[in-house]
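Please look over the sequence and the structure before reading on.

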Amino acid sequence: MTRGGREDVARLLSAALACRAQGDPAAAARQLAQARKIDPAHADVLHVGAILAHDAGREVEASRLISKAIARRPGDASLQRSRGLIARAAGRRDEAIEALRIAHAASPADRGAAQLLAALLSDAG
């Protein structure tokens, strides 16, 4: 991919996440679709797709997309954190714990991952 293509993907994903934050999932999906046209296998394209699928309650799709993203960047804390959130929503507690442990190890300063992990572990009783 050319430098311009990478910049276009980054711009489109930023726009998709801004639309998501503004509560406009349809606009977010349109921005993501444009990014997918440029580089459908890009880890961040897959990650944002997983986030949007998770937001819409499509956990099977979200799991598939986040798994593909992680295959491209296995130690990425953000991807692992999303995997943990998706797994938790799908009722896969053990997978969620594993993913959040990886996220926390990769980025110990990420308080969100640490808090989610602690909550899951305390639920284990």
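## The largest pocket

Helix α2 supplies five residues to the lining of the largest pocket, the largest share. Helices here are DSSP runs (H or I, at least four residues; strands are E runs of at least two), numbered from the N terminus. The model is a predicted one: local features need pLDDT of at least 70, side-chain atom pairs count only at pLDDT 80 or more, and totals for chains, interfaces and linings use all residues. Residues are numbered from 1 along each chain as its sequence is written, and side-chain values use heavy atoms, with hydrogens and water left out.

The space in the largest pocket is about 200 Å³. A pocket is an open set of points, on a 1 Å grid over the protein atoms alone, where a 1.4 Å probe fits, with protein on both sides within 12 Å along at least five of seven lines; lining residues have an atom within 4 Å of a point. Its volume is the space filled by probe spheres set on the points, which are joined across faces, edges and corners. The lining of the largest pocket has 15 residues, and P25, A29, L52, A53 and R58 are the closest to its centre. Two or more lining residues come from each of α2 (25-38) and α3. By type, the lining holds seven nonpolar, two polar and six charged residues (nonpolar: Ala, Val, Leu, Ile, Met, Phe, Trp, Tyr, Cys and Pro; charged: Asp, Glu, Lys and Arg; polar: the others, Gly among them).

## Salt bridges around R73

The model has ten salt bridges, each defined as a side-chain nitrogen of Lys or Arg within 4 Å of a carboxyl oxygen of Asp or Glu. One of them joins D44 and R73, with an N to O distance of 2.8 Å. Because D44 lies in helix α3 (residues 43-55) and R73 in the loop between α4 (59-72) and α5 (77-89), this pair ties together parts that are 29 residues apart in sequence.

R73 also meets D76 in a salt bridge, at 3.1 Å from N to O. D44 is partly exposed at 27% relative accessible area, as are R73 at 29% and D76 at 22% (buried means under 20%, exposed over 50%, partly exposed in between, with a 1.4 Å probe and protein chains only).

## Other salt bridges

R93 and D94 form a salt bridge in which the closest N and O atoms are 3.2 Å apart. R93 is partly exposed, at 30%, whereas D94 is exposed, at 59%. A network of salt bridges links R83, R92, E95 and E98.
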